[in-house]
Amino acid sequence: SATLLPRNDESADDLLNDVEIPEKPKRQETTRTILAKTAGETRGLLNPVVVSPFPTSRHARGQYLRVTQTAKQRLRLQVFISCCIMFAEGFYVTQLFPYCPSMTVDLRHTGAGVGVYSGLLFSANSAGMLMTSYFWASISNKIGRRTCMLIGLASNTFASLLMATTFAYWPTVVLRLLSGLMNSNLALMRTALRESFQFEEAEDTWAFSTLSVAFGASSVAGPSLGGLLYGKTLPMLGEWQHPWTTPMLLCCALYIFTLTLTTIAMPETAFLATAPHDKRKPSLNGNDHKLLRKPAFVLLLIMGGGHSYVFTGWETTYPLIASVPREFLGEGWSTSQVGITFLIGSFGLMFYSMLIFPMFAARLRIIRVWIFSWLMPIMIIPAFPRLLTYLCERSPTSADVFVLNYAAQILVSVLLGSGFISIQLLLNSYVSKLPNAPGSLAIANSMLVSTQALVRAISPMVSGALFTVGLRAEEAGSEHSQLLSRALPFDSLGLLG
């Protein structure tokens, strides 16, 4: 303050003029401010894209929303078509559950060895899928997913029509084998769905949860309608019909609808880039990376195979034990009663997959969700036949028998059925980290489906044979009745689980 006081020979204004006041330092421009200034000067259509990922001008906002809405519509359409394919395939498989033993007896005109022969009839389709799944995955990398799926849908349409008219056992087994050889729709459909969401850079958990709902819906409609329609005839078709004609014709109608929808509306996804910004040219040769040499992928296959073995074994042996006559300490349920239990269990699976599973998947690691889904089934499956036999010995028509059937079916269907979502999400996440993810996705899905087809071919035959052995041991009064009983296949499923 002393230095700024004016002297007698100069005024205060002159003094202030002589003082050098430092200028305020300029703020260094960041990259964002430079881009904002440049975009403000150009004021072009790219202004919102450069400054912010969310458009600010009315015209650009409308264009952004139109693009986003179009992408959502494409994904919804892909999910809808995938769900239709899943429903048709699931219905074709599950509608056989309630009446497979009865159909086997009618085709062979004898009840001897019904467990083994019904398991062979059921597993023929899975055996065919096992033989050709890798072939279809490789071909789809060259000619496209859509073309291969159209071939599979068309072949299943004709196979269902022919099975509706067949009256001999071995021709029916051959037809189911041929339908499996020409069909890899489940693996290709999952691959196409994953590719669509990868291209749009969207989260696919809800898509595969919805796919599980479609499987649950087919598990609702398949066993219930299969059991209810078995033995029913259509008056307009005459008297040549067999007990299985009506459910098989319904399968044929579903395949015709799905084939038409896929032909008209499904896009090809095999040749899409991994994402719009990804400039790589992915090789569609899945042999670039030896997946079977990777321990993590082998563990995924073991998980998928074991899961399918136990789930298919339960779905196969439950109708067998439920149909045991009351004079042999069984409950003597009809195919329609068994179908209703499948119906209730599938409703529970749909509800859980759509509303509860996504919440668990958002809060927990997927592998933990899968592990938790096994805790109750491995205890329920071995205990179920023993409790059922004990209750039927007292009163086969009691409410306890009714509650036991429905409680066991709901818990096993919900927990094990939803486990397939976890396995698919784990597979998608693993493959997405591989260097050649686009080419490896179809191969990985085909290997998973092949493994599942293998165990689905083995599980019904093994479970049916074990049930037959256990039941005969009970009738013969074996000394090892605690081990060799009708609970034998259930024990093996629980142990494997």
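In which helix is the place of Phe360? Phe360 belongs to helix α13.

1. Basis. This is a predicted model, in which local features need pLDDT of at least 70 and side-chain atom pairs count only at pLDDT 80 or more, while totals for chains, interfaces and linings use all residues. Residues are numbered from 1 along each chain as its sequence is written, and side-chain values use heavy atoms, with hydrogens and water left out.

2. Overall make-up. The protein has 18 helices and 0 strands; these are DSSP runs numbered from the N terminus, helices being H or I of at least four residues and strands E of at least two. Of its 497 residues, 50% count as buried (buried is under 20% relative accessible area, exposed over 50%, partly exposed in between, with a 1.4 Å probe and protein chains only). Among contacts (heavy atoms within 4.5 Å) between residues at least 6 apart in sequence, 79% join residues at least 24 apart.

3. α12 with α16. Helix α12 (residues 295–322) packs on helix α16 (residues 399–432) at an angle of about 160°, and the axes are 10 Å apart. Axes are lines fitted to C-alpha atoms, for helices over the stretch in contact, and angles run from 0 to 180 degrees between N-to-C directions. The two helices are therefore roughly antiparallel (angles under 35 degrees count as roughly parallel, over 145 as roughly antiparallel, 65 to 115 as roughly perpendicular and the rest as oblique). The crossing of α12 and α16 is left-handed; that term applies if the near helix is turned anticlockwise from the far one by less than a right angle, and right-handed applies if clockwise. The residues of this contact divide into 16 nonpolar, 8 polar and 1 charged. In this scheme Ala, Val, Leu, Ile, Met, Phe, Trp, Tyr, Cys and Pro count as nonpolar, Asp, Glu, Lys and Arg as charged, and the others, Gly among them, as polar.

4. α15 with α16. Between helix α15 (residues 377–394) and α16 the angle is about 165°, with the axes 10 Å apart. That pair is therefore roughly antiparallel, and its crossing is left-handed. Residues making the contact include Ile380, Phe384, Leu387 and Leu391 of α15 and Leu404, Ala408, Leu411 and Leu415 of α16. By class, the contact of α15 with α16 has 15 nonpolar, 1 polar and 1 charged residues.

5. α13 with α16. Helix α13 (residues 335–363) meets α16 at an angle of about 45°, with axes 8 Å apart. α13 is therefore oblique to α16, and the crossing is right-handed. Among the contact residues are Gly345, Gly348, Tyr352 and Ser353 of α13 and Ser413, Gly417, Ser418 and Ser422 of α16. This contact has 11 nonpolar, 10 polar and no charged residues.

6. Phe360. Also in α13, Phe360 is partly exposed, with a relative accessible area of 38%. Leaving aside neighbours within four places in sequence, Phe360 is in contact with Tyr352 and Val369.

7. Cys100 and Ser118. Cys100 lies in helix α5 and is buried at 5% relative accessible area. Beyond four places in sequence, the contacts of Cys100 are with Ser118, Leu121 and Phe122. Cys100 and Thr335 are 235 residues apart in sequence, with a C-alpha to C-alpha distance of 9.6 Å. Ser118 is part of helix α6 (residues 114–143) and is likewise buried, at 5% relative accessibility. Not counting residues up to four places away, Ser118 touches Cys100, Pro101 and Thr104. A polar atom of the Ser118 side chain lies 2.6 Å from the backbone oxygen of Val114.

8. Positive phi. Two residues deserve a look at the backbone. His109, which is not a glycine, has a positive phi of about 60°. His109 is found in the loop between α5 (100–108) and α6, and is exposed at 68% relative accessibility. Leu329 has a positive phi near 60°, again in a residue other than glycine. Leu329 sits in the loop between α12 and α13, and is partly exposed with a relative accessible area of 36%.

Definitions and conventions: A polar contact is a pair of N or O atoms within 3.5 Å; within protein, one must be able to donate a hydrogen and the other to accept it, and residues adjacent in sequence count only if both atoms are side-chain atoms.
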